[in-house]
Amino acid sequence: MFGYCLDRFRALILSVFLIAAFALPAFAGPFEDAVAKFANDEFSDTEEAIGAIAVSGNPLAFPIISALQDGRLSADPDSKKVFITQADDKIIDAATGAAVDKLPDNAAAVRLNNRLRRTVEAALGGLTLLSPDPAKRVAAAQSVFKSHEEAALPVIEGALAKETDKAAKQAFAEARAAIILFKSDASDNDKLEAVAVIKERGDQEALALLTSAASDQPPLVAKAIAGGISSIQSNLAMWSMVQNAWYGLSLGSVLLLAAIGLAITFGVMGVINMAHGEMVMLGAYTTFVVQEVIRTRYPAMFDYSLLIAVPLAFLVAGAIGVLIERSIIRFLYGRPLETLLATWGLSLVLQQAVRTAFGPTNREVGNPSWMSGAFELGQITITYNRLWILCFTLAVFAILLAMLRYTALGLEMRAVTQNRRMAASMGIATSRVDALTFGLGSGIAGIAGVALSQIDNVSPNLGQSYIIDSFMVVVFGGVGNLWGTLVGAFTLGIANKFLEPVAGAVLGKIAILVLIILFIQKRPRGLFALKGRAVEA
Amino acid sequence: MTPHMLTRSLDRSATTFILVVAALGVLIPLSNLLLPQGSALQVPTYLVALWGKYVCYAILALAIDLIWGYCGILSLGHGAFFALGGYAMGMYLMRQIGSRGVYGNPILPDFMVFLNWDKLPWYWYGFDMFPFAVLMVLVVPGLLAFCFGWLAFRSRVTGVYLSIITQAMTYALLLAFFRNDFGFGGNNGLTDFKDILGFNVQADGTRAALFLLSCLALIVAFLICRAIVTSKLGKVLIAIRDAESRTRFLGYRVESYKLFVFTLSACMAGVAGALYVPQVGIINPSEFAPGNSIEAVIWVAVGGRGTLIGAALGAVVVNYAKTFFTSGPLAPYWLFMLGALFILVTLLLPKGLVGTFNAWWQPWKAQPVSPIAGSAAREDGVSEPNPAE
């Protein structure tokens, strides 16, 4: 009973003190003295002030030190007053928390040097280590891990003991290990344990920490550190392989999306459509128009803009494709080289038309919320837009495959691909199949444009940058089989990304082009070539 | 070339063509140099350079027509051979600058000094000598075409596949020449030339001489092409164009024939590029752009595929139109016109201007074709390409 009263009494006294601290600005306590030291513009004074404020327990301590870190803390050397510019541009007096109208004229931002920045980080870490938010605790533990300030050890150990959150517990353990590793009087066993914990972490920062801790260690520990470094390095090398593979898959999915429509028109009709890239561009501009309409009329629906744009782009590009086939290409069947020239001319016209309508500059196409951001997988970062594009590409591929396999149009298309004249004799209206095929190929290019608008600049030249790559995919994969296009796209994508770190982006690309030219010598009709009589027809 | 081949290859239209080119080659420079400035008949220097450029394009068009019109090889990468010839000449002109460059280095071109290179890369050696540079103008494009063609034709890469990989070739070269560490001036290319064989490249006299040389080169190229297409070799080439497999089954080594014309054509394109560079005063990687090569193909299509005169004429007509429209208020519409040209010519004028004219003129003449002058019948020899192309 008595203890309870005593607690209440203590709380009362504390609250009186706190109220006093807020209500009586004139009352100069140790906290206010410490704050005033910022105004001296001496690094040593600033350091003392940070230390004093960090242990003061004052609710203003965190705002002050984080303001110091961001350069939002300014001091007036004459009146020795210190001010915080808050994120909303309001200014408060750092010592009292009272609002201030404007900064005094001679107030200047409190300066920091690198050593002080570390102190600030450590102080912030100490202040937030006990934050109620687990994410903040993890962040604080991370900053201690980096700074490995010995002073933070007691706080860390205390926090570790009562931590319940799994991620935060892990972070605290790593931070503790980092401190112990740099502590000169820690026992060998403790240090070995610490090395093991850090090795387990296995990322770039762990590697940097171990490397900087390697000197001045007892032999046993030094050996463990060396082992840890090499294990982390091989681990990181593996992750960088995974990263390259992921980038390759991502590039491959973009290539596949751009090339798949081309493969259909080339495979079924033997038509080289040089205006294919412009269909991609039209799809991207459709997305832009959809987003513009949504932005001005129904801003709440922005997240659905792509879902609306996909069918619309398919229809726009598909309709233009059918129009092109009916008005130009059908007169050129059996003359593939002329078709190539005519469609090249068409691509010039379409580009210039879009340039006239939308202007030559890049247009802004936004990412919906579900496509922006990224997440961590092991040591690599995966952005949502790339992931969605990969999924989307595979979905388009699967739908197309199913369409070719299970629908009447698909059956007719396959028949025409394999033997046009025989198909015609069996009663298939080949010219109708041609028009629909061309429309389908162009429509898929339009869909590709929706996806590419999320990762590339939407400009009249968008299509041109993909056309040669998509041709390479089709030539490499072979025509008449969509699987060839799939394998071709992912092979080229991954090969490109694995060559890039070795040879550089441009040389890597040149190497790929040369390899394809050489590959064509061996397999003139691609990886998955049609066999049989159809080949020479 | 024996006199017999020459006389056989010259019918009336070919003679007229040669005479017209020769007359232009002499009269334009003379009018530029001899007549007083401002006289109504005086051709201004900028026009001499402009028409010199057209003549170089005409040589390139002849080169493309030789392989496309007569052998069915549609190269979408001939701009690469043109640009390589241009770079070889540009390297000679760069070395001639000597210590007159911005940095005054007697050996290294300015861009190398700028990039802190301490010595000349090995592939720049010898380019201070004109004969070596001229040799390289022929050898570099020829060698590339030979290697490329040897690989491609031997494994029977034909039709659109060949077109696509030639496009990939010029695209790869475009990327390579854009790089600074490749040693050819990167993005900016080679420019700021001072003199050629001791004559100032900017001087009126030099420009007139270059124009005359370009016309001479055009005539020589035309004669070579005529000699080839009217010979037995030319007949085999046309056979390959129309039915490649059948020609092979008849026992001809199709790939050797193709390789020969392809390499020759690349050398001609290289010469065109070499004459082009001193007249325009710059060579940069944009000459490798795939679009340029395709544009050159359309010159041939406009003039008449399979008619040598048509190819040369097409190059001049299309480029004159380009200059005319892009310099006026119609500039934004030029790409529409160029695009429409591609579409309309392939749809409505598959034989081109000269081919259509010949087809229209032949029945009027209604004369039996003499066995020796059979070349006239071949002039409109664009048969319907077969589906196996």
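1. Is the crossing of α7(A) and α8(A) left-handed or right-handed? The crossing is left-handed, a term that applies when the near helix is turned anticlockwise from the far one by less than a right angle, with right-handed standing for clockwise. Helices here are DSSP runs (H or I, at least four residues), numbered from the N terminus.

2. The model is predicted, with local features needing pLDDT of at least 70 and side-chain atom pairs counting only at pLDDT 80 or more, whereas totals for chains, interfaces and linings use all residues. Residues are numbered from 1 along each chain as its sequence is written, and chains are lettered from A in the order in which they are written.

3. In chain A, the axes of α7 (residues 153–162) and α8 (residues 166–182) come within 9 Å and cross at roughly 150°, where axes are lines fitted to C-alpha atoms over the stretch in contact and angles run from 0 to 180 degrees between N-to-C directions. That angle makes α7(A) roughly antiparallel to α8(A) (over 145 degrees; under 35 is roughly parallel, 65 to 115 roughly perpendicular, and the rest oblique).

4. The axes of α12 (residues 276–297) and α13 (residues 305–327) of chain A come within 8 Å, crossing at roughly 135°, which makes α12(A) oblique to α13(A). The crossing of α12(A) and α13(A) is right-handed.

5. Between the chains, 40 residues of chain B are in contact with 34 residues of chain A (C-beta atoms, placed from the backbone, within 7 Å). On the side of chain B that touches chain A, α7(B) gives the most, with 13 residues.

Methods. Helices (H or I, at least four residues) and strands (E, at least two) are DSSP runs, numbered from the N terminus. Two residues are in contact if their C-beta atoms, placed from the backbone, lie within 7 Å.
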